[in-house]
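This report concerns one protein model and its ligand. Please consult the sequence and the coordinates shown below.

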Amino acid sequence: MPEVVALGEPLVQFNAVTDGPLRHVTYFEKHATGTEANVCVALVRLGVSCGLITRLGADEFGLFIYNWLRGEGVDVSHIRFDPERPTGIYFVQRNYPIPGVSDVLYYRRGSAASALSPDDVDPDYVGGARVFHTTGITMAISDTARSAAFKGLEIARGKGVITSFDVNYRKKLWTRVEDAVNVLSRALNFVDIVFLDEDEASLLLGVSMVDDVFKELRSRFGIDKIVLKLGVKGSMAYWEGRVVKVDAFRVPVKDPIGAGDAYAGVFLASILRGHDVESAMRRASAAAAMVVMVRGDEENLPREDDLRRFLEGYGR
Ligand code: KDG
């Protein structure tokens, strides 16, 4: 059984090779991505076994993702192929109109993974893990995927498996913001470790000052392991009574997409391997920095040796 089980939609990313509006972009690079898949690859690169529960289209892109994840060492035993529905894809527009910001154009409605359902969630598989991880994206893509995510969280909670949740609010995936607030808040009731940013905190909790965010999550949801991502300002955690701040690493950014997943995956891997929270945050920040230096979310996810070399060599 893998140490971590994740649930969610892998996607093929087509990343614009040149900057500017997509109407003028001719060349795209193909990458295997998707938030939970990114977290899985981050974990396995650091030697923590991870399995992904999902559905892929029985098409070329589904095979691409399956082979990629299997090649990375992710447990693919709980990936099903759907002959009727396609694998989800999206395009990335970089540095336009805002420098340093990437925009995404999804083609994922009706995808194979949007038909994920509670039937896909094997209680023994989830119950045998140390950590179950999912995100607000899976909660957004369809009612059945959302039910699957809640089933995973409930099983994990019932079996004493640590639940990890990245809020990952994606405005484009929700019809009404109130639905997002209701669903994501409900999810927080099942969560042991939460990752969120300041905008997500103000959306869900109505506060954005760090102390207030920690206070609200603890008092309303009983969460005492909180990681607040602050972008270029770094990250802060409330971890079992301790507050820790870690700076971000400044690097040349090619595409910021995937930074949060690199952070979450490397943070979880580090905690599972016995690092204290400060060390886990530093390693997670380093991984996030490494990932934004290239197109694609997974290629630059570090192995232990890469992480050591980055941390030793940064700023020299
Ligand atoms: O976090 C990075 C992801 O946003 C990206 O890989 C695409 O999973 C994705 C999504 O659903 O937006």
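The text that follows treats the overall fold, one loop and the ligand site.

The model is predicted: local features require pLDDT of at least 70, side-chain atom pairs count only at pLDDT 80 or more, and totals for chains, interfaces and linings use all residues. Residues are numbered from 1 along each chain as its sequence is written, and side-chain values use heavy atoms, with hydrogens and water left out.

**Overall fold**

The protein contains 11 helices and 13 strands, these being DSSP runs numbered from the N terminus (helices: H or I, at least four residues; strands: E, at least two). The protein is as compact as a globular protein of its length, because its radius of gyration of 18 Å is close to the 20 Å that the globule rule gives for 316 residues. That radius is taken over C-alpha atoms, and the rule is 2.2 Å times the number of residues to the power 0.38. Along the principal axes, the C-alpha atoms fill a box of roughly 50 × 50 × 40 Å.

**The loop between β6 and β7**

Proline 97 is found in the loop between β6 (89-94) and β7 (102-107). A cis peptide bond with omega of about 0° joins tyrosine 96 to proline 97. Asparagine 95 lies in the loop between β6 and β7 as well; although not a glycine, asparagine 95 has a positive phi of about 60°.

**Ligand site**

The ligand is surrounded by 14 residues, the closest being Thr35, Tyr106, Arg108, Asp261 and Asp297; a residue is near when one of its heavy atoms lies within 4 Å. This shell divides into 5 nonpolar, 5 polar and 4 charged residues, where Ala, Val, Leu, Ile, Met, Phe, Trp, Tyr, Cys and Pro count as nonpolar, Asp, Glu, Lys and Arg as charged, and the others, Gly among them, as polar.

| Residue | Protein atom | Distance to a ligand oxygen |
|---|---|---|
| Threonine 35 | backbone N or O | 2.8 Å |
| Tyrosine 106 | polar side-chain atom | 2.5 Å |
| Arginine 108 | side-chain N or O | 2.7 Å |

The protein covers 95% of the 310 Å² of accessible area that the ligand has on its own (Shrake-Rupley method, 1.4 Å probe).

How values were computed:
A polar contact is a pair of N or O atoms within 3.5 Å; within protein, one must be able to donate a hydrogen and the other to accept it, and residues adjacent in sequence count only if both atoms are side-chain atoms.
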